[in-house]
Amino acid sequence: MSQRVLTTESGAPVADNQNSATAGAGGPLLIQDQHLLEKLARFNRERIPERVVHARGSGAYGYFEVTDDVTGWTRADFLSEVGRRTETFVRFSTVADSLGGADAVRDPRGFAVKFYTDEGNYDLVGNNTPVFFVKDPVKFPDFIHSQKRDPFTGRQEPDNVWDFWAHSPEATHQVTWLMGDRGIPASYRHMNGYGSHTYQWTNAEGEAFFVKYHFKTNQGVRSLDAGRAAELVGQDAASHQTDLLQAIERGVNPSWTLHVQVMPAAEAAEYRFNPFDVTKVWPHADHPLHRVGRLVLDRNPDNVFAEVEQAAFSPNNFVPGIGPSPDKMLQGRLFAYADAQRYRLGINHTQLPVNAPKAPVVDNYGRDGLHATRYGARHDRNYEPNSYAGPAQTGAPLAAPLAVRGWTGTHEAPAHTKDDDFFQAGELYRLMSADERDRLITNIASGLSQVTRDDVIEKNLAHFHAADPEYGKRVAEAVRALRED
Ligand code: HEM
């Protein structure tokens, strides 16, 4: 093989990559040493802002294949035919820690899927949990501040974590989930993914349905207990990354089966709890799972920074036949992601290879900005309407319109007959085996017992008690025992 030549950024051959240029053998450096200056300057600029949440993650490419007919519910083209395959890119992540954090920690996991469809990219940006901690986006920055490192101590503080939850009864369901066995997945391959929010599907006749997405892992759900996880963090902080990378390199391609729960739009108003409340699941007895297809990951990225760090998923990247529901959290997210990416990656992040749509037509009047690489042909106009056959609107909304009524203002969501914040946490607790309940109580108590204020502990205990009196009593006893030690 012939020797490859090292060059500067502008392509000139480099004579010496071991010694900087100096004025004489023992003298100071020369400013004319373009290679040295360029190398140091580039190195200083290697980092970009990390994601404000979900900073640490792993990604892989693959495909989605439709296995079942869902055309009665959606006109999405990529779901229109059994056997249809669509290229995908998936990024998994932890939430709270920074880029250098460890993988095997108790934390939700992100499960973000980009479908490169012929009608544009569809991003389904979910988690490995079917529910979330809060139900209004105005609470999200406070919630995340309470879970990330404290500005003074520089550590994650049990006082902050549990103080926020003490004031957020709606978090009880997700806290119960997180402190249970599934709170530390064995790897990204061994966990399910959920859209978590309710989304809207619209069929070819214009009928609207509300759906929840469930990706069930075909590797089986496997989790780590707190002791094993702590050991693993010490052995390989990047354990999830190692597992995913090596499995795909070995050709052991992980896969998930996608199911949806479907609710005809007209049912939503009368459902017994708010079906757009992301702190609640829809019981399968009300809305069974319908299989849709298979997600397979079969290719590792060549470059983690270019393809994983620069990947940009946004919950408002929809395609015809799919749209948002009125879930307030989801609505907040429709703004937050692309805004974060304009800051983190710049206005033209949609032109980076991992984010660029693979649809045959991507044509609009957006122009210029830092690092623009996509532009029109030589005589294309950059305004609309125009007399030059430029791209024009279709007049066909992606999803059916939804009726609204009432007054503007800061409202709580409309009341349904059974909206309370605790009953599903209680149901989850009672669903757990005796062993899992033991571990749940131990996990909660080991965190809650570190809280320094009694009133914060009491408020949290009241939430567990409201979910199930036995649950509350057992946590109270375990916390007391640890605090008396
Ligand atoms: C109002 C509530 C929320 C807000 C404002 C919010 C905001 C954000 C922001 C700003 C990012 C970083 C995006 C980037 O820099 O590329 C992010 C990442 C992420 N969020 Fe949220 N988030 C919210 C709730 C949720 C919920 C409920 C879920 C799951 C159902 C979720 C899943 C994710 C995932 C998976 C990522 C990482 C995406 C990736 O891999 O690049 N978030 N979120």
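Let's start with Trp201, which stands opposite Phe209 in strand β7. This is a predicted model, where local features need pLDDT of at least 70, side-chain atom pairs count only at pLDDT 80 or more, and totals for chains, interfaces and linings use all residues. Residues are numbered from 1 along each chain as its sequence is written.

Trp201 sits in β6, residues 199-202, and β7 covers residues 208-217; they pair in the antiparallel sense over 4 bridges. By pairing I mean that DSSP finds at least two bridges between two strands. Strands here are DSSP runs of E, at least two residues, and helices are runs of H or I, at least four, numbered from the N terminus. The two strands form a hairpin with 5 residues between them, and Gly206 in the turn has a positive phi of about 85°.

On its other partner, β6 pairs with β10, residues 322-324, again in the antiparallel sense, over 3 bridges. There Gln200 stands opposite Gly323.

Which way do the β6 residues point? Tyr199 and Trp201 go one way, Gln200 and Thr202 the other, and all are buried. Buried means 20 or more other C-beta atoms within 10 Å of the residue's own, with C-beta atoms placed from the backbone.

Now to Ile322. Leaving aside neighbours within four places in sequence, Ile322 is in contact with Tyr199 and Trp201, and also with Thr74, Ala76, Tyr122, Leu398 and Ala399. Contact means C-beta atoms, placed from the backbone, within 7 Å. Ile322 is also, with Val90, Val211 and Tyr213, among the residues touching the most other members of the largest nonpolar core, which has 47 residues. Such a core is a set of buried Ala, Val, Leu, Ile, Met, Phe, Trp, Tyr and Cys residues joined through C-beta atoms within 7 Å. Apart from that core lies another, of 37 residues, including Leu178 and Leu428.

Over to helix α3, residues 158-166, where Val161, Trp162, Phe164, Trp165 and Ala166 are buried. Their cover includes α2, α4, α10 and α11.

Finally, the ligand. Which residues come nearest to the ligand? Of the 28 around it, they are His54, Arg91, Gly110, Pro137 and Ser196; being around it means a C-beta atom, placed from the backbone, within 6 Å. The largest share of that shell, 8 residues, comes from α8, while β2, β3 and β4 each supply at least two.

Methods
A residue is buried if 20 or more other C-beta atoms lie within 10 Å of its own, exposed if 12 or fewer, and partly exposed in between; C-beta atoms are placed from the backbone. Two residues are in contact if their C-beta atoms, placed from the backbone, lie within 7 Å.
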